[in-house]
Amino acid sequence: MFGLTTDFVQNGGTKMIITRKEGLQASELNRVQLGMIRSARSLIF
C-alpha cells in the first residue's frame, strides 16, 4: 500500500487506521474494500 500511512489503535478492540496526506476517494477503492469500511461499527477519521 504505497503512499499510505497505517496506525493501529487498541481501545476496546484493535483498529487499523489508514491515511494518506491528500485523502482517499471512494473511487480509488474496490467493492470489497468499500464493503469492509461500510460494515465497520466505528471509524476514526
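**Salt bridges and a surface patch**

Arg-20 and Glu-28 join their side chains in a salt bridge, with 2.7 Å from N to O; the term stands for a side-chain nitrogen of Lys or Arg within 4 Å of a carboxyl oxygen of Asp or Glu. The model is a predicted one, where local features need pLDDT of at least 70 and side-chain atom pairs count only at pLDDT 80 or more, while totals for chains, interfaces and linings use all residues. Residues are numbered from 1 along each chain as its sequence is written, and side-chain values use heavy atoms, with hydrogens and water left out.

The structure holds two salt bridges. Arg-20 also pairs up with Glu-22, at 3.1 Å from N to O.

Glu-22 has 59% relative accessibility, so it counts as exposed.

Then there is a nonpolar surface patch made up of Phe-8, Met-16, Ile-18 and Leu-24, with about 360 Å² of accessible area together. Patches take residues with over 30% relative accessible area and no salt bridge, joining like charges within 9 Å and nonpolar side chains (Val, Leu, Ile, Met, Phe, Trp, Tyr) within 5 Å. Accessible areas come from the Shrake-Rupley method with a 1.4 Å probe, and for residues only the protein chains shown count as cover. Phe-8 counts as exposed because its relative accessibility is 53%.

Definitions and conventions:
Buried means under 20% relative accessible area, exposed over 50%, partly exposed in between (1.4 Å probe, protein chains only).
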